[in-house]
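Subject: Handover of a structure and findings

Dear colleague,

Please find the structure below, followed by a summary of what was found in it. I would be grateful if you read the two side by side.

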Amino acid sequence: MKFEDLLLEIGGFGRFQILILAMLCLPRINLPMHFLLHNFLAATPSHHCAIPHQEAFVNLTTEEVLLISIPRKPDGTFSSCEMFSQPQFHLLLNSSLPPENKSIIQHCQHGWVYDHSQFTSTISTQWDLVCEQRGLNQATATFFFIGVTMGAMMFGYLSDRFGRKTMLQLSLVCSVVFGMLSAASVSYRMLAITRTLTGVALSGLSLIVLPLGMEWVDIQHRTFTGILSSIFWSVGNMLLALAAYLVREWHWLLVAVTGPCLLSILCVWWVPESARWLIAKGKVKQAHRHLLRCARMNGRKDFAQLSDFLLLCQALTRMATDKNMRGSYSYISLFRTPVLRKISLCSGVVWFGVAFSYYGMSLNLTGFGLSIYLSQFVFGIIEIPAKMVMYVLVNRVGRRLSQAWTLILTGVCIGANIVIPKPFTSLRSVVAIMGKGFSEAAFTTVFLYTSELYPTIVRQNGMGYTSFLARLGGALAPLVFLLDEVWRSLPEVTYCGVAVCSGAVAFLLPETLHARLPEGIEDIE
């Protein structure tokens, strides 16, 4: 007797499962509020060099003081990182004149002055992470995603060893602790360390929440459950925009997005441990107790007679056998045979491209004519219809075409905004929103598609391998913004190229629509 048969006996999608999914929605909402927090935590407002002895220019307006103290860039705006070593009073007569001596232009010597109209403070303004220190500002997001990568390897093993619920609770507690420590940071080094550890902790949420919910749901409702869970990610996207709009000071913003984890701890306390995991570990009595609770809540009161100890032991034996069979395979097994090697290489490229382009768009909210808060909200809300469309599309045109074209169209939208002039803000906004929708559609598809590509005996290894490459893409995406010092459009060209190329690679993968899931490697070879 398989565990799916037990689920059918107790109700595979009833009140019990709906309540579990409701309890797990809050931890899911927490995730994007930290994963995309860099947009507001490290936002860099307009700034210029601090001008010494500015009080001496009492007869000049602020604009005139800047004119004689700060050189202009080719577009006419004042430089953010340079100043004149001596006041250039002749520019008051004719601002188009060049400075008397180009050697008097120097880097900022006395700090910076920031525009606080939009942000009371960010880590950029707190520690002057601008100009030569700009790389440290972008590295903050990379440190966080490195933590997520480390946590993925750690919590994946620990949740199989000690249980889903226990590790989910540990993940939430650690998220609260490290999130609050981040808010209390007194130096950049402390913030970098605590944000990395926050990424490690939150990785447990991203790895455990969805499987814990799906292990209580029957096969017919798993795709629906996955889409529903991902919608809560989009809700978190929108709530982040609201939280950042209301809280403009970075310390308190970190507190605001970490606080809901406390409520999540209370919600998860009610959620039962995975009965599937308990049976696999031989904890039959505990599993039986949770199954009885599920049966009663779903109105299946006759379950106690149907599921006696023998049936549970049979399920245990089957699952233990499956587990032992999986144990003889490793990540190296993904590359030993020709077809599986091709699937692994191509799916790895696709996952990297999906995450790289998604976070490349999600962490770039400027230049579209919308406020940063409205851009974040719109980028979040467009994901919901994208998920719903993909729920229908992958079952109509297939997984491969859906995956390939959503990635290619993401790249096309990014590339289009390179050539659309900056003054056309409305058009740029529409194209960016479309690109974000395609990017989210690609992310939604890749989860479903990959799970169907790998044989059962190496599926967890395959998902772990592709998940690692996705997190690598997420970690590298923020650093690509630094390439604008080489060429202003180089970051967008990079995101566009990676998205289009990874979309083209998706055409090399086999179609899985209406195909039987492979059990062993020989099924795909």
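Helices (H or I, at least four residues) and strands (E, at least two) are DSSP runs, numbered from the N terminus. The model is predicted, so local features need pLDDT of at least 70 and side-chain atom pairs count only at pLDDT 80 or more, while totals for chains, interfaces and linings use all residues. Residues are numbered from 1 along each chain as its sequence is written, and side-chain values use heavy atoms, with hydrogens and water left out.

Surface patch

V389, L393, V397, L401, W405, L409, V412 and F507 make a nonpolar surface patch of about 640 Å². Accessible areas come from the Shrake-Rupley method with a 1.4 Å probe, and for residues only the protein chains shown count as cover.

L401, found in helix α19, is partly exposed at a relative accessible area of 37%; buried means under 20%, exposed over 50%, and partly exposed in between.

Nonpolar cores

A nonpolar core is a set of buried Ala, Val, Leu, Ile, Met, Phe, Trp, Tyr and Cys residues joined through side-chain atoms within 4.5 Å. The largest has 106 residues, and F35, F40, I123, L168, W216 and Y359 have the most contacts inside it. Helix α16 (residues 338–362) supplies the largest share of this core, eleven residues. Domain 2 (279–325) and domain 3 (333–524) each give at least three residues to this core; the domain bounds come from an automatic or database domain assignment. Apart from it lies another core of 14 residues, including F57, L66, Y114 and V130.

Salt bridges

The structure holds six salt bridges, each a side-chain nitrogen of Lys or Arg within 4 Å of a carboxyl oxygen of Asp or Glu. K436 pairs with E383, their closest N and O atoms being 2.3 Å apart. This pair links helix α20 (residues 425–453), which holds K436, to helix α18, which holds E383, 53 residues apart. Both K436 and E383 are buried. K387 and E440 also meet in a salt bridge (2.3 Å, N to O); K387 lies in helix α18 and E440 in helix α20, so this pair ties together parts that are 53 residues apart in sequence.

Yours sincerely

Notes:
Patch = residues over 30% accessible without salt bridge, like charges linked within 9 Å, V, L, I, M, F, W, Y side chains within 5 Å. Buried < 20%, exposed > 50% of the residue type's maximum accessible area, 1.4 Å probe, protein only.
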